[in-house]
Amino acid sequence: MNIIIIEDEKPSARRLQRLLEGCNLEAHVLLHSVEESITWFQNNPHPDLIFLDIQLSDGLSFEIFETVHIKSAIIFTTAYDEYALKAFKLNSIDYLLKPIDEDELLLAVEKFKNRTTRSQDVTLDFNDIKKLLINPIDRAYKKRFSVKVGQHIKLIQVEDIECVYSENKGTYIHTTEGRNYLLDHTLDFLENELEPESFFRINRKFFVNINAIKDMVSYTNSRLQIKLNSYHDQEVIVARERVKDFKLWLE
């Protein structure tokens with residue numbers, strides 16, 4: 001199978017390449033921008049399958065389709081959450097949410113292999129998808145949350161939040177004052193509401209604020225343990241598959 005990866009973050013591209021090798025597949029071509037991809041497609045036979053990041057360094061990857069008629073099957077990779085899910089479900093597009101999980105990658109590849117047709121013709125209206133995908137460079141993120149305290153409503157500024165976590169089917173914020181407050185939102189919803197330069201989802205249960213990190217230490221199974229300024233209720237562990245992206249985020 002002829003596979004290429006289009007991803008502007010080279011460490012992420014190499015990680016996906018290694019994950020594919022674990023599935024006994026090889027991606028020999030790694031492209032990193034819209035311009036580079038257009039040039040490559042204009043001068044090379046199109047592959048069987050493309051792993052395509054949505055947000056590239058010089059624009060949205062959909063811009064490739066405005067210049068080149070792609071004849072390959074596509075699996076999108078994205079750090080978006082709610083908007084991407086909505087857009088892709090509406091258009092029946094295969095996608096993988098970053099950081100890419102090895103088991104989910106294997107399922108996506110198997111789904112592609114079991115298709116009745118070898119390739120998909122990219123004729124979807126990507127303008128409609130772009131309307132559903134909000135560019136993180138342009139969008140406004142949450143600046144405050146309102147929480148209920150008894151009969152009162154309290155406003156919590158985002159910069160005063162050390163972490164956001166889920167526990168017993170509830171979602172909570174922990175503040176720099178050492179207080180916990182229940183939110184009405186899920187962690188999945190907050191994926192697109194918290195400013196990504198300040199908040200990182202280290203596992204399925206935790207977002208951490210970069211300004212609240214006091215210390216980081218190695219942990220079992222190639223994970224990291226995070227020490228926050230005032231949150232001590234439970235261990236805060238970076239999932240193994242997110243450690244590399246977490247380290248990149250720190251920089």
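Predicted model: local features only at pLDDT ≥ 70, side-chain atom pairs only at ≥ 80, totals over all residues.

Trainee: Which residues form the positive surface patch?
Mentor: The positive patch consists of Lys 10, Arg 14, Arg 18, Lys 244 and Lys 247. Two elements give two or more residues to the patch, namely helix 1 (10-22) and helix 8 (243-250).

Trainee: Which helix gives the most to the positive patch?
Mentor: Helix 1 does, with 3 residues.

Trainee: And where does Lys 247 lie?
Mentor: Lys 247 belongs to helix 8. Its relative accessibility is 46%, so Lys 247 counts as partly exposed.

Trainee: Changing topic, how many aromatic pairs does the structure hold?
Mentor: There are 8 aromatic pairs. One of them is formed by Tyr 165 and Phe 206, which are stacked, with 5.6 Å centre to centre and 25 degrees between the planes.

Trainee: Which parts of the chain does that pair link?
Mentor: The pair links distant parts of the chain: Tyr 165 is in strand 10 (residues 161-167) and Phe 206 is in strand 14 (residues 206-209), 41 residues apart.

Trainee: Are Tyr 165 and Phe 206 buried or exposed?
Mentor: Both Tyr 165 and Phe 206 are buried. For Phe 206 the relative accessible area is 2%, and the cut-off for buried is under 20%.

Trainee: What other aromatic pair does Phe 206 form?
Mentor: Phe 206 also pairs with Tyr 231 in an edge-to-face arrangement, at 5.6 Å centre to centre and with 70 degrees between the planes.

Trainee: Why does that pair tie together separate parts of the sequence?
Mentor: Phe 206 lies in strand 14, whereas Tyr 231 sits in the loop between strand 16 (223-228) and strand 17 (236-238), so the pair ties together parts that are 25 residues apart in sequence.

Trainee: Why does Tyr 231 count as buried?
Mentor: Tyr 231 counts as buried because its relative accessibility is 3%.

Trainee: Which residues form the aromatic cluster?
Mentor: One aromatic cluster is made up of Tyr 165, Tyr 172, Phe 206 and Tyr 231.

Trainee: What separates the C-alpha atoms of Glu 110 and Cys 23?
Mentor: The C-alpha atoms of Glu 110 and Cys 23 are separated by 9.9 Å, and the two residues are 87 residues apart along the chain.

How values were computed:
Residues numbered from 1 in each chain as written. Heavy atoms only, no water. Patch = residues over 30% accessible without salt bridge, like charges linked within 9 Å, V, L, I, M, F, W, Y side chains within 5 Å. Areas by Shrake-Rupley, 256 points an atom, 1.4 Å probe, with all protein chains shown as cover. Salt bridge = Lys/Arg side-chain N within 4 Å of Asp/Glu carboxyl O. Lys, Arg positive; Asp, Glu negative; His and termini not counted. Charge placed at Lys NZ, Arg CZ, Asp CG, Glu CD. Helix = DSSP H or I, 4+ residues; strand = E, 2+ residues; numbered from the N terminus. Buried < 20%, exposed > 50% of the residue type's maximum accessible area, 1.4 Å probe, protein only. Phe/Tyr/Trp six-rings, centres within 6.5 Å; stacked < 30°, edge-to-face > 60°.
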